[in-house]
Amino acid sequence: MLKSHRLPEFNVYIDTDTCTVCKACVIQCTFDVFSYEKVGNMIEIEESKCVDCHRCMIFCPEKSISIIPNPVQYRANASWNKEIIHNIMKQAESGGILLTAMGCDKPNFNYFDKLLLNASQVTNPSIDPIREPMELRTYLGSKSDMFTIAENDKDPIIETSESPHLLLETPIMFSAMSLGSVNINVQESLAIAAVSNGIYQNIGEGGLHPKLKQYANHIIVQVASGRYGVHKEYLDAGAAVEIKIGQGAKPGIGGHLPGEKITEEISETRRIPAGTDAISPAPQHDIYSIEDLSQLVHAIKETTEYSKPVIVKIAAVHNSAAIASGIVRSGADIIAIDGMRGSTGAAPLVMRDNVGIPIEMAIASVDTRLNKEGVRNKISIIAGGGIRSSSDVFKIIALGADACYISTAALIAMGCTVCQKCHTGKCPWGLTTMNPAISIRINPKMASKRVSNLIRGWTLEIKDMLGGMGINSIESLRGNRHQLRGIGLSDHEMEILGVRPAGS
Amino acid sequence: MEPKNNRSKFMIDAKNLTTRKLNEKVRKAVRDGNKQIAIHNVMGQRYIAAGIQGLIEIDITGIPGNDLGVFMDGPKVVVHGNGQDVIGNTMNAGEIIIHGDVGDITGMSARGGKIYIQGNAGYRTGVHLKEYHGLRPIIVIGGTAQDFLGEYMAGGLILMLGLNLSDGIHNADYVGTGMHGGTIILRGDVRGMGREVEVHQLDQEDNRLVEQAVLEYSKHFGCRADEVLGSKFKKLIPISTRPYGNLYSY
């Protein structure tokens, strides 16, 4: 092992005046920053291991701990900044692909903050959502071009057979997080929150844990390139089946769960032996074209007897609109698009921060294209990747999505501080770790309450924003880009987003 | 009248039936309790036996389309004719016996069951084959196969007999590329192998598996089992079960 040339990223201090040496920090930190020294009855600090997750600070009963970013900077240089220098040092020491987690943390890919919402003034009165009904119910799935209605003596009968739909009470769902990327306590917390909010949780490519079967009506199961844990009962269990083609954090590449993370529990749900690498190839080897995609869509529909919608999830890339147009033709009911700020349990840094396009651009261009082709009704659109607030949800729907996927926000609700160390499997908040001694830090009853609270808060805010516009149904917002104005955007960007500049 | 007695076969005529209609009929026949189903005049209909569970026998005359036996869990499917692509896709258990040749990616991601092919197979046969506890898939190819045989293989067994080769050399290249589990056993040589595999001699257990598989092949299609078993076999296994272990910088 080569000596590291990197300085610690954070400085960790303990106020010895208030510290009672209770060792809570030693127990709480999973990165071994703190250790107890018998000689001198004190806490030793190894600050180079600190990831700035704040677990110790929150759980220190005396609030004696402080963490600050290391003030020592390299010589100011716009090109060769601290992150760039550290990454080079890290690779010089290891010779590997830089691995990271969570979503892209660079500032320059955000359009939500440059879009402003409209409100009613004088004409078209605004609505008070506390007193008047606001409809957020959303149906995801293919909608027919027309209905044929037969008349008989009494009631008209709809002859058109509708495709299966997902019914959402609010247009927010939990994005794919597999058992392995998060533990069962996290999955169960999200499942409970999904059931109580009338929404859905996607369990990713990691199989269905027996504990989740009771929530299966609110679970979306995933079929990805590794086909782990995919079998007849699994496909039958979920409310919908998602074919994962790509992920916003790492478009175009597969992934693998290293053997040391394949515990007995994971082995059982993924149906592979414990201790072996679980490799998800970059492509699905039975999908090399839209025709092949159609084949898998229909294989799933045949297997589940056309009883549930099939979702196709792609990463937002340069030609998303053309791909989406193909996906409509494949017979899928829903398309999920994951933007470049989308999160991950582990991804190469170079992929996360450089590949793909922002979700705002992707949704706007897909919605425009499908409308132009007159096929928008044939498919619903779920947007994911970088949705941080109710206003992001609101804006992405106005840009053309039917509903959205969130995951980072749900994790933050449960304790995550976005330290970006999911890939180490040591999450001190008990979220992205398989270690049973740490994962008990998540109590599904309590954690689901926090997530439910978040969904409730966002739902109320969405109603407020709708009411302010004088709209009483989320359906009237979908693709309604007249309600958006851009600020600080180029003409070209606004053209793609389909919005006018603020003030116009 | 169509026979419904379990001891006789339930007959389905696939002529002019769409894929969806044919599969509806098959599923209904299974739901009605039929254990033996014969489908004739099959011409390219896909997904036959998709996700069907239990000890059902399905006899197919004609050429079934892609994804035959996808997600299947238990049935025995016999095809009197050639097969197309992705036979036994993500299969859990059961048997597929093809009296002919097959297309590409046969047995993709299967974690159990048996696939016996009388003749040749296309590209990427057995890609990402797995195994789990008592389940261990096996693919037996009577003839030869094309490139990327056993790619990404994580478990199971592929046995390629080369019965129709005059020079004993399979045209396949990149055999076992990305392989990190399971076993490929070859009668004859291949044009090239993936860098993740190495050649070994068969051990006693391998010989037992080969004997069992060849006898079963012979039972299905007829061949001189003793002659085949008397020839030389070699075994390809992965160098490491962790080929991607040392890639990352944390």
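Thr144(B) is buried, its relative accessible area being 12%. The model described here is a predicted one. Thr144(B) belongs to the loop that runs between strand 7 (138-141) and strand 8 (154-160) of chain B. Apart from neighbours within four places in sequence, the contacts of Thr144(B) are Gly119(B), Asn120(B), Ala121(B), Met160(B), Asn164(B), Leu165(B), His170(B) and Asn171(B). With His170(B), the side chain of Thr144(B) makes a polar contact of 2.7 Å. Asp85(B) lies 59 residues from Thr144(B) in sequence, and the C-alpha atoms of the two are 16 Å apart in space.

A further buried position in chain B is His220(B), with a relative accessible area of 16%. This histidine, His220(B), is part of helix 2 (residues 204-221) of chain B. When residues up to four places away in sequence are not counted, His220(B) touches Glu95(B), Ile97(B), His99(B) and Tyr116(B).

In soluble globular proteins, nonpolar side chains tend to be buried together. The largest nonpolar core in the model holds 131 residues, and the members that touch the most others are Phe34(A), Phe174(A), Ile337(A), Ile396(A) and Ile406(A). Helix 14 (residues 444-469) of chain A supplies the largest share of this core, with eight residues. At least three residues of the core come from each of domain 1 (10-71) and domain 2 (138-144 + 161-475) of chain A. For Ile406(A), the contacts beyond four places in sequence are Ile172(A), Met173(A), Phe174(A), Ser175(A), Ile387(A), Ile455(A) and Trp458(A).

Over all chains, the structure contains 41 salt bridges. In one of these, the side chains of Asp113(A) and Arg388(A) meet at an N to O distance of 2.9 Å. Asp113(A) is located in the loop between strand 5 (97-100) and strand 6 (115-117) of chain A, and Arg388(A) in the loop between strand 20 (380-384) and helix 11 (390-398) of chain A, so the pair ties together parts 275 residues apart in sequence. Arg388(A) counts as partly exposed, at 43% relative accessibility.

Lys378(A) pairs in a salt bridge with Asp145(A), and the closest N and O atoms are 3.0 Å apart. Because Lys378(A) lies in the loop between helix 10 (359-372) and strand 20 of chain A, and Asp145(A) in the loop between strand 7 (138-140) and strand 8 (149-150) of chain A, this pair ties together parts that are 233 residues apart in sequence. Lys378(A) is partly exposed at 32% relative accessibility, whereas Asp145(A) is exposed at 56%.

The salt bridge between Lys301(A) and Asp333(A) has its closest N and O atoms 3.0 Å apart. Lys301(A) is in helix 7 (residues 290-303) of chain A and Asp333(A) in the loop between helix 8 (320-329) and strand 18 (334-338) of chain A, so parts 32 residues apart in sequence are tied together. Lys301(A) is buried at 10% relative accessibility, and Asp333(A) is buried with a relative accessible area of 2%. Elsewhere, a network of salt bridges links Asp367(A), Arg376(A), Asp402(A), Glu475(A), Arg478(A) and Arg481(A).

Helix 8 of chain A is largely enclosed by the rest of the structure, because seven of its ten residues are buried. These buried residues are Ser320(A), Ala321(A), Ala324(A), Ser325(A), Gly326(A), Ile327(A) and Val328(A). The elements against which the buried residues of helix 8 pack are helix 7, strand 17 (310-315), strand 18 and helix 10 of chain A.

An open sheet of three strands in chain A has the order 6-22-23, with mixed pairing. Strand 6 and strand 23 (500-501) of chain A are the edge strands, each pairing on one side only. Strand 6 and strand 22 (residues 484-486) of chain A run antiparallel and are joined by three bridges. Leu116(A) has Arg485(A), in strand 22 of chain A, as its bridge partner.

Key
Residues numbered from 1 in each chain as written. Chains lettered and ligands numbered in written order. Predicted model: local features only at pLDDT ≥ 70, side-chain atom pairs only at ≥ 80, totals over all residues. Heavy atoms only, no water. Core = buried A, V, L, I, M, F, W, Y, C linked by side-chain atoms within 4.5 Å. Buried < 20%, exposed > 50% of the residue type's maximum accessible area, 1.4 Å probe, protein only. Helix = DSSP H or I, 4+ residues; strand = E, 2+ residues; numbered from the N terminus. Domains from an automatic or database assignment. Contact = heavy atoms within 4.5 Å. Salt bridge = Lys/Arg side-chain N within 4 Å of Asp/Glu carboxyl O. Pairing = 2+ DSSP bridges. Polar contact = N/O pair within 3.5 Å; in protein donor to acceptor, adjacent residues only side chain to side chain.
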